[in-house]
Amino acid sequence: MIRIAIVDPQPAVRAGLSMLLRTEPGLMPVGAATGFDDGLELVARLRPDIVLAEHHLPEGDGVALCRRLSALPRPPQVILHTAEPAPELALLARVASADGLVDKLADPEELFEAIRLVSRGTRALPPLDAREMDAAAHLVDPEDLPLLAMLADGTAAGEAADTLHLDRRRAARRIERMLGRLRAGTHAAA
């Protein structure tokens with residue numbers, strides 16, 4: 001049984017997802033939260049296998065939630081579930097260690113498949129657009145390019161830090177800085 005926590009600010013979305021997940025054998029919604037802070041509390045309390053999180057959340061966003069959850073001793077897998085799956089979000093999701101990205105308008109079977117893939121340890125992220133990578137390369141510091149490339153390629157943050165001979169705390173700070181610059185670049189382009 002795959003235990004799933006839902007983090008979404010919309011009550012109708014939380015209720016709908018919970019009902020939808022119950023219809024699929026092997027999936028079990030275990031709780032729901034409305035935003036970043038109560039999402040963290042919910043995960044600490046229930047320890048779900050997967051967190052299905054909206055990108056736009058009160059007190060933060062799904063990308064920041066991914067980062068916080070990935071730092072836990074036993075992190076859940078995280079799927080960003082958003083109505084705005086812009087290409088630049090795929091890169092942000094990868095840098096933040098998200099395991100999946102699914103459009104809210106996608107067919108339920110696509111969501112179920114993403115959940116199953118992620119539960120087996122396979123990422124369910126859309127391919128990266130070469131233009132997005134080029135644009136990202138211009139937004140981050142040159143010394144962060146190897147780290148960005150490894151994260152975009154699916155390397156775990158800790159493994160990337162070890163490979164690049166970086167202290168993991170320093171690598172975490174660099175990742176946060178990269179995410180800030182990538183977000184700023186995304187907002188400026190919009």
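1. Pro58 sits in the loop between β4 and β5. The model is predicted: local features need pLDDT of at least 70, side-chain atom pairs count only at pLDDT 80 or more, and totals for chains, interfaces and linings use all residues. Residues are numbered from 1 along each chain as its sequence is written, and side-chain values use heavy atoms, with hydrogens and water left out. Helices (H or I, at least four residues) and strands (E, at least two) are DSSP runs, numbered from the N terminus.

2. Is Pro58 buried, exposed or partly exposed? Its relative accessibility is 34%, so Pro58 counts as partly exposed. The cut-offs are these: buried is under 20% relative accessible area, exposed is over 50%, and partly exposed is in between (1.4 Å probe, protein chains only). Pro58 touches Pro9, Thr34, Gly35 and Phe36, leaving aside residues up to four places away in sequence. Contact here means heavy atoms within 4.5 Å. From Pro58 to Ala12 is 46 residues in sequence and 16 Å in space, C-alpha to C-alpha.

3. Glu59 lies in the loop between β4 (56–57) and β5 (60–61). Its phi is near 70°, a positive value in a residue other than glycine. Glu59 is exposed, because its relative accessible area is 52%.

4. Arg47 also deserves a look. Its phi is positive, about 50°, although Arg47 is not a glycine. Arg47 is in the loop between α2 (36–46) and β3. At 47% relative accessibility, Arg47 is partly exposed.

5. Now helix α1. Its 12 residues should span 16 Å at 1.5 Å a residue, and its end C-alpha atoms are 17 Å apart, which agrees. The expected span is 1.5 Å times one less than the number of residues. Which residues of α1 are buried? They are Arg14, Leu17, Ser18 and Leu21. Seen down the axis, these buried residues fall within an arc of 100°, so they line one face of α1. The arc is that of the directions from the helix axis to the C-beta atoms. Ala12 and Met19 are exposed on the other side of α1. The buried residues of α1 pack against β1, β2, β3, β6 and α5.

6. Helix α5 (residues 108–119) has buried residues too: Leu111, Phe112, Ala114, Ile115 and Val118. Down the axis of α5 they fall within an arc of 160°, so they line one face of the helix. They pack against β1 (2–7), α1 (11–22), β2 (27–33), β3 (50–53), β6 and β7 (100–103).

7. Asp99 is in the loop between α4 (87–95) and β7. Is Asp99 buried or exposed? With a relative accessible area of 18%, Asp99 is buried. Its contacts, not counting residues up to four places away in sequence, include Pro76, Val118 and Arg123. Asp99 and Ile115 are 16 residues apart in sequence, and 9.4 Å apart in space, C-alpha to C-alpha.

8. Last, the largest pocket, with a volume of about 560 Å³. Of its 28 lining residues, the closest to the centre are Ser70, Ser97, Ala156, Ala157 and Gly158. A pocket is an open set of points on a 1 Å grid over the protein atoms alone, where a 1.4 Å probe fits, with protein on both sides within 12 Å along at least five of seven lines; lining residues have an atom within 4 Å of a point. Grid points are joined across faces, edges and corners, and the volume is the space filled by probe spheres set on them. α3 (62–70), β6 (77–82), α8 (157–163) and α9 (168–189) each supply at least two lining residues.
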